[in-house]
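Please look over the following structure with this short report beside it. The report takes up a group of paired strands and then a pair of packed helices.

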Amino acid sequence: MSALQDNSVYEELQRALWDRSGKAVESLDWLCDHMHPYFFITMREETEALVNLAVGLNCLTRHQRLLLADEPQKLILARLNVPGSVYETLESLRERDIAYAELAHSYDSIPGLDRELEVLRFEFGPRDSEESSGSLAAETRKGVAEALRRLYPAYDHAETDRSLDLLWRNNPAYVRTSPAERVARVLWALQQARRRDGVYLDTEPARGMAQRQESRLVFAVANPPEGNFLAQVLEIFHRLDIGVRRAYCLRVTTEEGPYLLGNFYVGTRAGRPVKRSSELFQTLKAELYNTQVLSTATRTYTEFVRNRVLTGEQASLVNAFIGFCHTNLAHNQWDRFGLEDVMRAFHSHPDIALQLARLFEFRFDPVQRADPERYGRALAETSRTVDAYNTGHRLIDEFRRTIFRTCLSFIRHTLKTNFYVPEKQALAFRLDPAYLTELAPEFTADLPERRPFRVTFFCGRFGAGYHIGFADIARGGCRTVIAKSRDDYATIANTLFREIYVLAHTQHLKNKDIYEGGSKMGIVLDAGGAEGPESLARRLFQVQAGFFNAFFDLFVTDGGTAAHPRVVDYYGEDEPIELGPDENLPDTTIEWLARRSVERGYGLGPGVISSKRVGINHKQYGVTSTGVLTFAEVAMREVGIDVRRDPFSVKLTGGPTGDVAGNALRLLLERCPGASIRLVVDGAGAAFDPEGLDREELGRLLFARDIDGFSPERLHAGGFVLFRHHRRCEGLRDLYRKVGAGPRGPVEEWVSADDFFREYATLVFEVPADLFLPGGGRPETIDAENWREFLAPDGTPSARVIVEGANSFLTPDARRELQQRGVVVIRDASANKCGVIASSYEILANLLLTEREFLEHKDEYVADVLEILEKRAKEEAVLIFRRHRAGEGRVLYTQISEALSAEINGHYERLVAFFRDRPELCGQPLFRKALVAHLPRFLRANPRLRARVKNLPVKVQAAMLAAEIATTTVYHGGWEPDFERELRTYLKKHFGTEEP
């Protein structure tokens, strides 16, 4: 016998255990009487946890919580039900990946206490793939199908087996332990969310215990934000005084992404159910849907929403105010109007923020709009508040008045918004660009002089963005810049508005050959917390899909007015806007967007986006590079080099897998046997060879590997490869890999980060070549500060010809300085225009051909388009050099390019206005002949297809006719005014009088 057994302590412990076992049986009886029967159904495989609960229930009189199970992928605990207890627990688990959550409350207080019992169960992912092994019982399938027919007659049973298998793979225990009705509710919620823009909420009566009136809230959401999203949902219930008796929340991963499927059994604090017809339900719906927009990481949420200063919707609106004011004021004054500074202005004065939010409500609430006088009074009062803002700190007061006035201008000039659309994943605001004239001149000094036709601002939980268009019918790419940290996000957001503005303006210049004006959509994505490629891909799609759906909220119209009844539309016209592929827009998202456009009823249908399967994929056909190489061929001929026959050297940015650079490499290898490609730089690294990179090795990499896949064994003496993603640490130093060609083979070395990035950044400036093709890289890589680095010490430029395949690779200052030193520069608006021309003809095919017709004749149609691309590129290139010679070299190539765009666009704008006023002219023989001339040969030659042109919207017919006449007039002459006279006017504008 041990020493303990001889001790009285042993006897005391023995008595305590006997006493505990007796009380455990009493506790079990109490649990059976006061917990909902579903509690024991869902916990039937957790026998040990239930035993621990029964044994330890009385301990809750002394302890805050009772741990029932704690495993790597499971946590079950019990605690007293006190205000905020669920939220507190979920906040402590914000870093865990919750795959399943269950909440249960007792229907009476624990004996001896004045608090109810709260049991929380969590399962964490990723789940073990072996868990879902085995097959689903036929009896279960039958029971679930019968429950669906009984409970949800509108359910589409064609999806039952597939969805049930999906649920089984995600959480077999859930299916195994649940009654058929419970599984049926989950499948119904999943189907409804898929069909309702990714979010769904409904309520129905439920049976509670102890005469409690309850409601079952079914809530489903696609791509739920990672982290503490469930805590945010519970916080809304708490803030609206809705008590949650039970909850079952399941995350299901589908082929299109994850879904959160939740059943919440609730009642008001006053003991009433939550009815669908009640104002409370409508408020709850708005707040729950708003979780897609409102981040819990912002101070607007933590200080103002949780403390009930602002509603969740008002907080989302204030965050939009902050985003808009920051991006419009910071692009050339980021040191004054940084993101934190603008946030502080609103956060320091929640009273003004709330007043601005209410003013917005008076203008756009579908109910409030019925009283314009009320809005007028509120506008006058808010304006007085802003004008009178005075804290006694002059500089701060002036700074914050500027911010609040910008916000007032934002509210006054917004023409339509989806803010009151419940099923939104992002906010969108379509503005009259006249607001720009109300900003002080210093805030627009760095923007092109021409003002846009429209500005649309987007704001979401994980990002912000703009769509800026310079014409009614407009097209241009959609790019997303990924910010890996909060500092990165703030820095990118500083210049987001200017970057999109400049790119849209450049797009307008290059769109001169087509009937669509220029536009651009740009998004900055906050990727903080998105760990790993899968998480990042989900967030990227979540943000893009949210913004695109918000786009449709505004621009899907019925009779010219926004079709959604919750969108107040002060503009009232159809707006044909086309998007295109650009940075970080995956092919899967492009296809989704085309389908979504059809589903939402957008006027352009699948034509909202180009480069689809039923379209002309830019990368596959190299449409942009076709134009770049055509311009290069003409430009090189001007300096005495025939690229088809003569030897010449090339350097380029953008790698073998890129659209522009990859296809430029392909065309160089195919067409130019004398091309010596000395340098290729992309995001993965760089490869340099003074004798020219091995052509066979480059061919191997095309569209398969980045340039860091180039084999160092194929280098000549003096060549090397830099590996940007090959890094190692030695102590506190980061080292990067560089492999050069030595006399006996490759020589590897590891260089410091400073040395690596210095060499990586200067290669494009210093490596000599006859031709430089920027085919990738960030905008403004060569600018007013660093253009001198492009010159050797004796002033000789490192390239004789630059053909700007990448958008805005050179700033206007850099272009001017280099041309004045003898470099031939063909700017982006000319050089890479063929991508948008191809996209325009893809959209035209979407409008005139069925999907089957296009796919059957795709090769013929694409061949016609490629012919048009080379023709348009050559026409402009030849004209640029002809006018340069005519002006005796006094006018720069890029100035001629811009003047050509202005000339064509000027004709186009006058003509399109004329034809819209006289729509009958489009059908008259002479005008119709010009209209048909705009079509590819395949459409022109087929009378049946050609006749479909008359079914196009009048806006489109007028625009096509105007574009064809305008381009023909300029490229082929015969109608243009005296060029010498216009040239003299142009020179006077830019260089002053004719006096020497």
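## Strand pairing

Two strands are said to pair if DSSP finds at least two bridges between them. The model discussed here is a predicted one, and in it strand 11, made up of residues 454-460, has partners in both strand 10 and strand 12. Strand 10 (residues 427-431) runs antiparallel to strand 11 and is joined to it by 5 bridges, while strand 12 (residues 463-469) also pairs with strand 11 in the antiparallel sense, over 7 bridges.

The link between strand 11 and strand 12 is a hairpin of 2 residues.

## Burial of strand 11

How many of the residues of strand 11 are buried? The count is 7 of 7, so that the strand is described as mostly covered. Arg 454, Thr 456, Phe 458 and Gly 460 point one way from the strand, whereas Val 455, Phe 457 and Cys 459 point the other way, and the residues of both groups are all buried.

## Two packed helices

Helix 33 (residues 925-932) packs against helix 36 (residues 954-972) at an angle of about 80°, and their axes lie 8 Å apart. Because of this angle, helix 33 is roughly perpendicular to helix 36.

Helix 33 contributes Phe 927, Ala 930 and Leu 931 to the contact, and helix 36 contributes Gln 957, Met 960, Leu 961 and Glu 964. Sorted by class, this contact has 5 nonpolar residues, 1 polar and 1 charged.

Technical notes: Residues numbered from 1 in each chain as written. Predicted model: local features only at pLDDT ≥ 70, side-chain atom pairs only at ≥ 80, totals over all residues. Heavy atoms only, no water. Axes fitted to C-alpha atoms, helices over the stretch in contact; angles between N-to-C directions. Helix = DSSP H or I, 4+ residues; strand = E, 2+ residues; numbered from the N terminus. Parallel < 35°, antiparallel > 145°, perpendicular 65-115°, else oblique. Contact = heavy atoms within 4.5 Å. Nonpolar A, V, L, I, M, F, W, Y, C, P; charged D, E, K, R; others polar. Buried < 20%, exposed > 50% of the residue type's maximum accessible area, 1.4 Å probe, protein only.
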